[in-house]
Amino acid sequence: MEMEMDKKQSGDFQEGGVIFDAYSEAEMDYSEDGIVDVNRENAGSSFLAYFNVVCVVAGTGTLGIPYALRLGGWIGLFILFLSWSMSCYTGVILIRCLYVNGKQRLSSYKEIATSCFGVIGGWVCFFFNTWILLGAPILYMVLAGSNLEELTKGTAGDIGLVPWSIICCAVVAIPFILVKSLKEVAFMSAMGALATLVVVIICLVMACIDVKTIPPAHHDAVIWKQFPIALSTISFSFGGNSVYPHVEASMKKPSNWPKVVVCGLSTCAALYFLSAIPGYYVYGDQVLSPVYNSISDGVPKTIAIVVMTFHVMTAAPILLTSFALDVEEMLNVTVERFGTIKEFVIRACIRIVVMVFVGVIGCVVPHFDDLMSLIGSFANCGLIFIFPIVFYFKLTGFRNKPIYELAWCGLTLLLGVVGLIFGTIDSIRALIRDFQ
């Protein structure tokens with residue numbers, strides 16, 4: 001398909017009848033291969049990008065995987081392995097789609113969809129992407145507010161879930177409004193990844209202690225009735241595709257992306273197994289989500305709650321920034337167009353509105369486990385397992401793929417469709433029961 005550069009605006013380009021609004025002229029550069037790329041002069045290292053991946057993907061997955069095993073049984077470990085390997089594959093091909101035209105790097109998930117299926121396809125993808133980029137921070141604010149309410153119970157700080165959730169939103173809004181891109185929040189990603197590791201170690205040690213004092217737990221090999229919702233919860237645990245285009249754009253060496261995403265997701269998978277196996281083995285069908293609610297009360301549990309609260313509040317700005325960058329790009333909010341001060345004011349207003357929306361929804365739906373499953377089944381199954389493969393085949397064809405790759409893609413699509421349809425239905429039913 002032939003592509004022509006629009007000469008009216010150096011950042012825009014046209015493919016067929018669709019015009020894409022790319023980055024501003026100051027943000028564009030030419031890569032060594034001659035492709036018009038984002039300006040990477042001040043980009044961050046691959047190591048910082050790795051922390052971005054780990055911080056966004058890990059965390060809530062670590063908390064929810066033992067509960068997913070409670071719903072689906074030990075077979076969930078196999079699904080966890082499949083989800084990890086499939087997520088690595090789709091994470092690589094998604095970024096490959098950004099460069100497939102060979103002339104100019106696409107800037108977002110939405111632009112990939114638009115290049116494949118036109119304007120309607122782009123907006124459908126944007127809807128799913130928005131569900132994750134806003135839904136996950138809503139989930140994080142619910143968790144952070146619930147944690148702070150529990151920590152302050154019976155003290156002067158016991159002001160209730162809603163006020164604490166609002167305070168969490170106000171705290172997250174500070175870096176969200178002040179920083180412009182993901183490379184500027186990399187230090188928060190590193191601290192968030194470290195926080196996740198601390199919580200996993202605490203839960204692992206406490207599970208080893210509790211196994212000596214609590215009755216033997218009941219386990220199931222597989223629970224078919226709850227299997228779809230368990231699958232959707234597990235798929236949510238690898239939900240990073242929404243931010244991958246922006247993470248890759250923040251890298252000095254984009255050629256290292258496959259290593260970054262595989263290492264990042266492998267680290268998350270290792271943390272999940274360390275949390276899931278002892279969590280389900282020790283607490284069985286009584287394990288809760290978040291998993292630290294299952295361990296014995298005491299100082300370790302309090303530390304786990306505090307540390308995980310810190311983690312979700314460092315991960316939320318990354319997701320929100322990714323959404324804001326998409327919106328600001330669509331509205332062409334750039335320094336070249338508005339000037340430094342006016343651009344900052346417009347950008348701040350957009351992000352304040354986004355943060356207010358997150359806070360309001362978070363206060364209305366304070367059910368962590370069922371909300372996690374709903375987000376995972378409805379949006380992540382599409383963004384992680386379905387869309388990247390469909391877009392990849394649309395842009396590169398499928399006749400040139402080996403049979404084993406086609407089979408693997410077919411299995412990935414099947415997993416995504418099952419999680420999307422059945423997981424969404426079960427999750428909506430659970431939320432209805434919560435409000436009755």
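Okay, aspartate 297 and lysine 301: they make a salt bridge, with the closest N and O atoms 2.9 Å apart. By salt bridge I mean a side-chain nitrogen of Lys or Arg within 4 Å of a carboxyl oxygen of Asp or Glu. For the cut-offs, buried is under 20% relative accessible area, exposed is over 50%, and partly exposed is in between, with a 1.4 Å probe and protein chains only.

Quick caveat: this is a predicted model, so local features need pLDDT of at least 70 and side-chain atom pairs count only at pLDDT 80 or more, while totals for chains, interfaces and linings use all residues. Numbering runs from 1 along each chain as its sequence is written, and side-chain values use heavy atoms, with hydrogens and water left out.

How many salt bridges does a search of the whole structure find? It's 5. Glutamate 248 pairs with arginine 105, closest N and O atoms 2.6 Å apart. That one links distant parts of the chain: glutamate 248 is in helix α8 (residues 244–249) and arginine 105 is in the loop between α3 (75–98) and α4 (109–151), 143 residues apart. Helices here are DSSP runs of H or I, at least four residues, numbered from the N terminus. Both partners are buried, glutamate 248 at 0% and arginine 105 at 1%.

Then there's lysine 180 with glutamate 343, at 3.7 Å between the closest N and O atoms. Again the pair links distant parts: lysine 180 is in the loop between α5 and α6, glutamate 343 is in helix α12 (residues 340–364), and they're 163 residues apart. Lysine 180 is partly exposed at 28%, whereas glutamate 343 is buried at 3%.

On to α5, residues 161–178. Its 18 residues should span 26 Å, and the end C-alpha atoms are 26 Å apart, which agrees; the expected span is 1.5 Å times one less than the number of residues. Where does α5 bend? At valine 172, by about 25°, and proline 175 follows within four residues. The bend is the angle between axes fitted to the seven residues ending there and the seven starting there. Valine 172 and proline 175 are both among the buried residues of α5, along with Trp164 and Phe176.

Terms used:
Helix = DSSP H or I, 4+ residues; strand = E, 2+ residues; numbered from the N terminus.
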